[in-house]
Amino acid sequence: GLVDGATSPTFDAGDTISSHSGWSVNTDYSESGRQTWSNGAVSSQSIDNSGSPASFSISATTDVAGAFLVDDSTKGGTNGTLFAEGSFSSTRSLEDGDTVKVTYTINAS
């Protein structure tokens, strides 16, 4: 999913998809649901989706500040397990018709 960029997001280890006070979900994209994570190859205790980025077709003028990974594909949904959340290097100002492709790397140690 996408993190709204109306304010600078803050993330907390206790965040859940149903309870997170430091950020908001952005649903200004055309797809009917959240995008599916597609695993890449595991290497050095890391896995990413760089071979198949999550692609969002933006449907309004909006700001996006980051992304999150949850096991509920419902657009704007508040059920499921929140696995990861993070900020982009800077907030992206987007317009109707733009496409955002999100890659994410998960590291384990």
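Me: How many bridges join strand β5 to strand β6, and in which sense do the two run?

Reply: Strands of a sheet pair through backbone hydrogen bonds, in either a parallel or an antiparallel sense. Here β5 (residues 62-70) and β6 (residues 82-94) run antiparallel and are joined by eight bridges; strands are DSSP runs of E with at least two residues, numbered from the N terminus, as helices are (H or I, at least four residues), and two strands pair if DSSP finds at least two bridges between them. The model is predicted, with pLDDT of at least 70 needed for local features and 80 or more for side-chain atom pairs, while totals for chains, interfaces and linings use all residues. Residues are numbered from 1 along each chain as its sequence is written, and side-chain values use heavy atoms, leaving out hydrogens and water.

Me: What is the order of the strands in the open sheet, and which strands stand at its edges?

Reply: The four strands of this open sheet follow the order β2-β1-β5-β6, with antiparallel pairing. Because β2 and β6 each have a single partner strand, they stand at the edges, and one side of each is left without a neighbour in the sheet. Two bridges join β2 to β1, and Leu 2 stands opposite Asn 26 of β2.

Me: Which residues make up the covered face of strand β7?

Reply: In a regular strand the side chains alternate between the two faces of the sheet. In β7 (residues 99-102), Val 100 and Val 102 form the covered face, whereas Thr 99 and Lys 101 form the uncovered one. Strand β4 (residues 54-57) pairs with β7 over four bridges in the antiparallel sense, and the bridge partner of Ser 57 is Thr 99.

Me: Is Glu 31 buried or exposed, and which side chain of opposite charge is nearest?

Reply: Glu 31, in the loop between β2 and β3, is buried but has no salt bridge, and the nearest side chain of opposite charge, that of Lys 75, is 6.4 Å away. A salt bridge needs a side-chain nitrogen of Lys or Arg within 4 Å of a carboxyl oxygen of Asp or Glu, with Lys and Arg counted as positive, Asp and Glu as negative, and His and the chain ends not counted. The side chain of Glu 31 does make a polar contact of 2.9 Å with the side chain of Ser 57; such a contact is a pair of N or O atoms within 3.5 Å, where within protein one must be able to donate a hydrogen and the other to accept it, and residues adjacent in sequence count only if both atoms are side-chain atoms.

Me: Where does Arg 34 lie, and how far away is Asp 72?

Reply: Arg 34 lies in the loop between β2 (25-26) and β3 (46-48); Arg 34 is buried without a salt bridge, and Asp 72, the nearest side chain of opposite charge, is 4.1 Å away. A polar atom of the Arg 34 side chain lies 3.3 Å from the backbone oxygen of Thr 74.

Note on methods
Buried means under 20% relative accessible area, exposed over 50%, partly exposed in between (1.4 Å probe, protein chains only).
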